[in-house]
Amino acid sequence: MSNGQKKSRRHAKFRQKLYRPFKRRSGVGAAPGSVHHDSEASPSRVRRFVYSEKSFQEFDDPAAKKLADVKDGVQWIDVVGLGDIELLHHVGEVFQIHPLTLEDIVHTHQRPKAEIVADRLVVMLRSTDHQTPPTFEQISLILCGRTLVTFQEREGDSFDHVRRRLRDSLGSLRQSGADFLMYCLVDATLDAYFPMLEEYGRVLEQLEDNVSLRATSETNLQIRETKRELSEIRKISYAHREAMNRLVQDASGQLSSTTQLFFRDCVDHATQILEVSESFREVVTDLRDLYFTQLSQRTNDVMRVLTIISTIFIPMSFVAGVYGMNFNHDTSPWNMPETEWRYGYPFSLMLMASMAIAMMLLFWTRGWLRR
């Protein structure tokens with residue numbers, strides 16, 4: 001399979017997710033807080049990290065009965081996959097997560113947001129990979145005292161360097177609380193957008209070259225797809241900025257003053273992502289205008305050539321029409337005297353050629369034959 005076919009399939013999958021982003025698990029009129037199983041969801045897998053300044057423990061897929069809050073240190077419960085509803089209910093019961101929050105976690109069409117629900121700080125974001133078109137995934141973070149619980153739709157995230165910092169005791173992460181861990185994960189989620197935007201910058205440069213050199217219908221299709229993708233990124237980025245602003249303003253009771261200061265940096269990142277996505281979207285709009293302008297210019301060039309050819313042959317057709325009227329010379333000496341002339345036929349050819357050359361020179365002096 002060629003790279004073009006692979007990219008077309010990725011664009012088709014992105015369009016399918018874009019046009020059908022809302023897939024509700026619960027029926028119309030279902031009770032609030034209803035959590036329904038999704039047959040397409042990945043199997044659930046739990047990773048547990050317990051750490052302090054001097055110790056670190058990591059448990060891969062622990063038994064559900066071992067999940068509990070901690071009295072000392074900080075705990076990170078990372079749930080990957082939303083296919084096990086029983087496990088999700090158990091995690092919600094252990095850490096007192098509100099049923100409405102669990103419903104939002106499973107129904108992964110939520111708008112990015114930050115809110116306090118039943119004394120739990122809830123942050124929902126959209127993570128992305130570094131490819132174009134992007135694949136989005138809902139990331140849910142719930143701060144429960146010394147424990148941070150995260151929910152992801154599937155394997156693969158931007159948290160590997162955070163896990164490495166925990167294992168190797170790099171920086172001040174293991175000396176800080178669970179709220180600082182939340183900041184690190186939120187920051188990693190937002191930072192993943194920058195490599196993707198850099199890739200879109202290269203895509204736009206290539207599109208600009210294609211439009212400038214030789215724009216085709218495929219180029220127009222790429223422009224449309226890129227504009228649609230950037231519109232989706234802009235919508236998500238706008239919601240991220242609102243969520244970060246609300247997190248800084250309304251979550252002061254859940255965050256320490258130091259962590260709150262760090263979250264202001266997340267506000268800057270979300271704002272920068274929004275500004276870059278908006279500027280890229282404007283560039284795509286300009287490229288589309290340039291495409292149609294060049295398409296119109298090429299049409300005008302073709303019409304100009306055809307018009308010049310027609311204009312050259314119109315007087316020649318007139319001469320040929322005059323000498324093709326076939327008036328009888330025997331009836332009157334004024335009827336087509338050139339037909340009796342020895343050089344009448346070469347004269348008519350020379351006359352038509354002279355008219356064509358004269359008109360070509362006129363068009364050239366006026367610049368109509370130049371690009």
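S127 counts as buried, at 10% relative accessibility, where buried means under 20% relative accessible area, exposed over 50% and partly exposed in between (1.4 Å probe, protein chains only). This residue lies in strand β5; helices (H or I, at least four residues) and strands (E, at least two) are DSSP runs, numbered from the N terminus. S127 and D157 are 30 residues apart in sequence and 7.6 Å apart in space, C-alpha to C-alpha.

The model is predicted: local features need pLDDT of at least 70, side-chain atom pairs count only at pLDDT 80 or more, and totals for chains, interfaces and linings use all residues. Residues are numbered from 1 along each chain as its sequence is written, and side-chain values use heavy atoms, with hydrogens and water left out.

**Salt bridges**

- The structure holds 16 salt bridges, a salt bridge being a side-chain nitrogen of Lys or Arg within 4 Å of a carboxyl oxygen of Asp or Glu.
- Side chains of opposite charge can pair when their charged atoms come close.
- D157 is part of a salt-bridge network that also links R47, D78, D160 and R163.
- Within that network, the side chains of D160 and R163 meet at 2.8 Å, N to O.
- D160 and R163 are separated by about one helical turn, because they are three residues apart in helix α4.
- D160 counts as partly exposed at 47% relative accessibility, whereas R163 counts as buried at 3%.
- E155 forms a salt bridge with R45, and their closest N and O atoms are 2.9 Å apart.
- This pair links distant parts of the chain, 110 residues apart: E155 is in the loop between β7 (147-152) and α4 (160-168), and R45 is in strand β1 (residues 45-51).
- E155 is partly exposed, with a relative accessible area of 49%, and R45 also counts as partly exposed, at 26% relative accessibility.
- K113 and E115 form another salt bridge, with 3.4 Å between the closest N and O atoms.
- E115 counts as partly exposed, at 24% relative accessibility.

**The loop between β4 and β5**

- A118 lies in the loop between β4 (113-117) and β5 (120-128), and D119 has its place in the loop between β4 and β5 as well.
- Most residues other than glycine have a negative phi.
- Phi of A118 is near 55 degrees, a positive value in a residue other than glycine.
- D119 is not a glycine either, and its phi is positive at about 65 degrees.
- A118 counts as partly exposed at 46% relative accessibility, whereas D119 is exposed, with a relative accessible area of 59%.

**Helix packing**

- The axes of helix α7 (residues 217-250) and α8 come within 8 Å and cross at roughly 160 degrees.
- Axes are lines fitted to C-alpha atoms, for helices over the stretch in contact, and angles run from 0 to 180 degrees between N-to-C directions.
- α7 and α8 are therefore roughly antiparallel to each other; angles over 145 degrees count as roughly antiparallel, under 35 as roughly parallel, 65 to 115 as roughly perpendicular and the rest as oblique.
- Helix α6 (residues 193-214) and α8 pack at an angle of about 10 degrees, with their axes 10 Å apart.
- That angle makes α6 roughly parallel to α8.
- The crossing of α7 and α8 is left-handed, and so is the crossing of α6 and α8.
- A crossing is left-handed if the near helix is turned anticlockwise from the far one by less than a right angle, and right-handed if clockwise.

**Nonpolar surface patch**

- V302, M303, V305, L306, I309 and F313 form a nonpolar patch on the surface, and together they have about 550 Å² of accessible area.
- Patches are made of residues with over 30% relative accessible area and no salt bridge; like charges are joined within 9 Å, and nonpolar side chains (Val, Leu, Ile, Met, Phe, Trp, Tyr) within 5 Å.
- Accessible areas come from the Shrake-Rupley method with a 1.4 Å probe, and for residues only the protein chains shown count as cover.
- V305, one of the patch residues, is found in helix α8 (residues 257-322) and is partly exposed, with a relative accessible area of 45%.

- F363 is found in helix α9 (residues 344-365) and is buried, with a relative accessible area of 5%.
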